Amino acid sequence: MLDIIYIGDQIKSPKLNTLCIKPEALIEFEGEIGNFKLQVKDDDKKLKDLKTKYIVINIDAVRENNLEDTLNLDLDLDQLDPNQDIIIIQDYEQISPAVINKEALNKAIEIKNKLSEKEVYFLYRSMRFIDDNDSLFEEARQKGIIFLQYEMGNLEFIDKDKVKYERDGLTSELQGQILTTPLLKPDQRLKRIIRLLNIESNGNEYIQSTNIYLQPSLTGKRGVYSLAGARGPNAYSEYEFEKEFTLNEIKSNLDNFEPLTENKRVVDDKKCILCYTCYRVCPHGAVQEDKENDAMKINELACYGCDGCISHCPASAISIQEKTEQKASNNLLKVLMCENSADTAYKKIDKGSFKDLDIEKIPCASSIKKEDIFKFLRKKDSRLLILGCFEDSCKHITGDGRGNRITNEIRDTLKKLDLNHNRVIFERLSPRMEEDLNGFLLKWKEGESS
Ligand code: SF4
Ligand code: SF4
């Protein structure tokens, strides 16, 4: 089990057990904080399964040149013609984030240092004073860089090296090599990651370009964080702080995965019609498909208990399970009775002999879950009897036979492990339900298999 999987770029985190994968390598994803399961394709196209406690999405944004035929900020200064002036244009069409503002100021200073005889014009619509941008701005002015504020509409490109600038009735033509600051755009691979992880994005294809949480870098899904270009252009300005915050939070919570709500939200797999409404409405990506049971399931550790899923479910299949219901019984003799058959019969028989049994009513004998049964069988000397309807009368979504099949699979596993497979038994009642029920319970209580 890894501590963190980075999707995109690795971050140095020597005290943690980490791995970095390319965004395109992720094939499947499920699970919850502390137990995320990923299927990834390695460079040799082989599939492998990975498990991690946390995920950090750290995918850089894509930089696009704002205007054709202009130079961009990444250029090498040797590419510049030393005989021409320089015009740096920031915020063309879109106001640049502070991080680009900073890059542009640094580049202007570098250029002025190299071409001190030439004029360097810096055209901007908004100066973003965070970090040390104000001291850079001051330094640039002292070096003689000429700052000109413009509005969209009062800048006209006459030629690839000529700009007409107009302000307060004054017009001037600037000539020189034009550099434009880049537009930051979300990496297209991010869209797929957002979909696979079922996390919310904010409409412009970033995970969240403004920080809606008090803690930066949190996504709506517990245990998943996003940084820099995955989070949005504004996140670059706080990158170092957010990175440190994220790693510190992960380190301090590494094995501390407590549910956020007292009571579990549970899906009744017999009622669920797999419409995926809950999957779509859950703001925290806490719902996933339970392939084993042809229904949805709610990851307890990811659920914030907002109850959005409950109010939207058209089949009323989701409910709140009170904590008291969750208390495990210490009784080692358990009976699961289908409420359509065995439980109906149970109401009519003399219960005197069966007081020492832990009897639980279930919506359907085909709704049993392997993991729950194995969990119960882990208790030493425990035994479980499952009682279902007579053949062809099962009302489960997958039809008759599922309960029996699952029980047989569990019995096979027990056999393979050299354990007593008769610790779990599936029985069907015939139309003589009460008689059958009495017989099954007595026989099973004495430890006899059928
Ligand atoms: S209660 Fe809220 S957080 Fe929990 S699964 Fe339902 S919609 Fe998601
Ligand atoms: S909304 Fe209800 S019926 Fe639809 S998938 Fe979710 S639990 Fe099932």
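A compact globule of 450 residues would have a radius of gyration near 22 Å, but this protein chain has 32 Å. The model is predicted. Its C-alpha trace spans about 105 × 45 × 40 Å along the principal axes. Of the 450 residues, 35% count as buried.

Next come the domains. The protein chain is divided into four parts: domain 1 (2-60 + 186-253), domain 2 (63-184), domain 3 (264-324) and domain 4 (328-445). Note that domain 1 is written as two segments, 2-60 and 186-253. Domain 2 covers 63-184. How far apart do the C-alpha centres of domain 1 and domain 4 lie? They are 43 Å apart.

Now look at the secondary structure. The protein chain has twelve helices and 24 strands. Contacts tell another part of the story. Take the contacts with a separation of 6 or more: 69% of them join residues 24 or more positions apart.

Strands of a sheet pair through backbone hydrogen bonds, either parallel or antiparallel. One open sheet here has five strands, in the order 7-14-8-9-10. Its pairing is parallel. Which strands form the edges? They are strand 7 (71-72) and strand 10 (146-149), and each pairs on one side only. Strand 7 is joined to strand 14 (residues 177-180) by two bridges. These two strands run parallel. To find the spot, look for leucine 71, which stands opposite leucine 179 in strand 14.

Move on to strand 21, at residues 333-338. Is strand 21 largely enclosed or largely open? Five of its six residues are buried, so the rest of the structure largely encloses strand 21. Strand 21 has parallel partners. Five bridges join strand 21 to strand 23 (residues 383-388). Five bridges also pair strand 21 with strand 22 (residues 358-362), again in the parallel sense. Lysine 334 shows both pairings. Its bridge partner in strand 23 is leucine 384. In strand 22, lysine 334 stands opposite aspartate 358.

Two ligands come next. Ligand 1 is surrounded by 13 residues. The closest are Cys282, Cys303, Cys306, Gly308 and Cys309. By class, this shell has eight nonpolar, three polar and two charged residues. Ligand 2 also has 13 residues around it. Cys272, Cys275, Thr277, Cys278 and Cys313 come nearest. What classes make up the shell around ligand 2? Twelve of its residues are nonpolar, one is polar and none is charged.

Finally, check the backbone angles. Most residues other than glycine have a negative phi. Two residues here have positive values. Leucine 274 has a phi near 55°. Leucine 274 sits in the loop between strand 17 (264-267) and helix 6 (277-281). With 15 other C-beta atoms within 10 Å, leucine 274 is partly exposed. The other residue is aspartate 168, with a phi near 50°. Aspartate 168 lies in the loop between strand 12 (162-167) and strand 13 (170-175). Is aspartate 168 buried or exposed? Aspartate 168 counts as exposed because it has 5 C-beta neighbours inside 10 Å, and the cut-off for exposed is 12 or fewer.

Note on methods: Residues numbered from 1 in each chain as written. Chains lettered and ligands numbered in written order. Predicted model: local features only at pLDDT ≥ 70, side-chain atom pairs only at ≥ 80, totals over all residues. Near = placed C-beta within 6 Å. Nonpolar A, V, L, I, M, F, W, Y, C, P; charged D, E, K, R; others polar. Helix = DSSP H or I, 4+ residues; strand = E, 2+ residues; numbered from the N terminus. Rg over C-alpha atoms; globule rule 2.2 N^0.38 Å. Buried ≥ 20, exposed ≤ 12 C-beta atoms within 10 Å, placed from the backbone. Contact = placed C-beta atoms within 7 Å. Pairing = 2+ DSSP bridges. Domains from an automatic or database assignment.
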